[in-house]
Amino acid sequence: MKIIINGIHANLRFSAAHMIPEHESCGCIHGHSYHVDVQLEGQRSGKFGFVVDFKEVKSIVRTICKKLDHKVLIPLESPLIEFKSVKNSVEFSIDGKEYKLPLQDCVLLPLPSTSAEDLSIYFVDKLWEKLQEKGADVSVVQICVNEGIGQGAFYSRNRN
């Protein structure tokens, strides 16, 4: 059975700044008001016959959103970013352009990019991990990270 949670209506949202190095229009720091849609598949079980309790899934996703909200998202694994420091401030350069931001204003992500595509993988991996810790019998986790209404990236992870 599949359950679906619509991010706009369930308030699974965050606002953040990011950049896509060397991209013509997205190479500069800019921001989005993101929303996160969730789909899960699994067997119904337990006292109530739930696949997973909606409340629990929303709590996990909201925690991830809260971590990213009102931050600058920086991909640590980008081959296009040269990091100089990530101590009290995050200092890096991209193609000769220098940046220095307070560490508390940033989230350093173990990703090659902060594109909607890579953020959707990040959300799936985090949600999958938390659901496994809680013993949920979920066979598929799917997330769509939307950069606005009408455009987003969808990633799916299957139990194999």
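Angles under 35 degrees count as roughly parallel, over 145 as roughly antiparallel, 65 to 115 as roughly perpendicular, and the rest as oblique. The exercises below apply to a predicted model.

**Exercise 1.** Determine how helices α1 and α2 are oriented to each other.

*Solution.* Two packed helices are described by the angle between their axes and the distance between the axes.
- Step 1: the axes of α1 (residues 54-68) and α2 (residues 116-133) come within 10 Å.
- Step 2: these axes cross at roughly 135°.
- Step 3: α1 and α2 are therefore oblique to each other.
- Step 4: the crossing in which α1 passes α2 is right-handed.

**Exercise 2.** Identify the residues that form the contact of α1 with α2, and classify them.

*Solution.*
- Step 1: α1 contributes V57, I60, V61, I64, C65, K67 and L68.
- Step 2: α2 contributes Y122, F123, K126, L127, K130 and L131.
- Step 3: the contact residues comprise 10 nonpolar, no polar and 3 charged.

**Exercise 3.** Describe the largest nonpolar core and the elements that supply it.

*Solution.*
- Step 1: this core has 34 residues, and V38, L40, F123, L127 and L131 have the most contacts inside it.
- Step 2: at least two residues each come from β1 (2-5), β2 (13-18), β3 (30-42), α1, β8 (106-109), α2 and β9 (138-148).
- Step 3: α2 gives the most, with 7 residues.

**Exercise 4.** List the contacts of V38 beyond its neighbours within four places in sequence.

*Solution.*
- Step 1: V38 is in contact with I3, I4, I5 and L12, among others.
- Step 2: the contacts of V38 also include V57, V61, L127, Q142 and I143.
- Step 3: apart from the core already described, a second, separate core of 11 residues includes V72, I74, I94 and L101.

Conventions: Residues are numbered from 1 along each chain as its sequence is written. This is a predicted model: local features need pLDDT of at least 70, side-chain atom pairs count only at pLDDT 80 or more; totals for chains, interfaces and linings use all residues. Side-chain values use heavy atoms; hydrogens and water are left out. Axes are lines fitted to C-alpha atoms, for helices over the stretch in contact, and angles run from 0 to 180 degrees between N-to-C directions. Helices (H or I, at least four residues) and strands (E, at least two) are DSSP runs, numbered from the N terminus. A crossing is left-handed if the near helix is turned anticlockwise from the far one by less than a right angle, and right-handed if clockwise. Contact means heavy atoms within 4.5 Å. Ala, Val, Leu, Ile, Met, Phe, Trp, Tyr, Cys and Pro count as nonpolar, Asp, Glu, Lys and Arg as charged, and the others, Gly among them, as polar. A nonpolar core is a set of buried Ala, Val, Leu, Ile, Met, Phe, Trp, Tyr and Cys residues joined through side-chain atoms within 4.5 Å. Buried means under 20% relative accessible area, exposed over 50%, partly exposed in between (1.4 Å probe, protein chains only).
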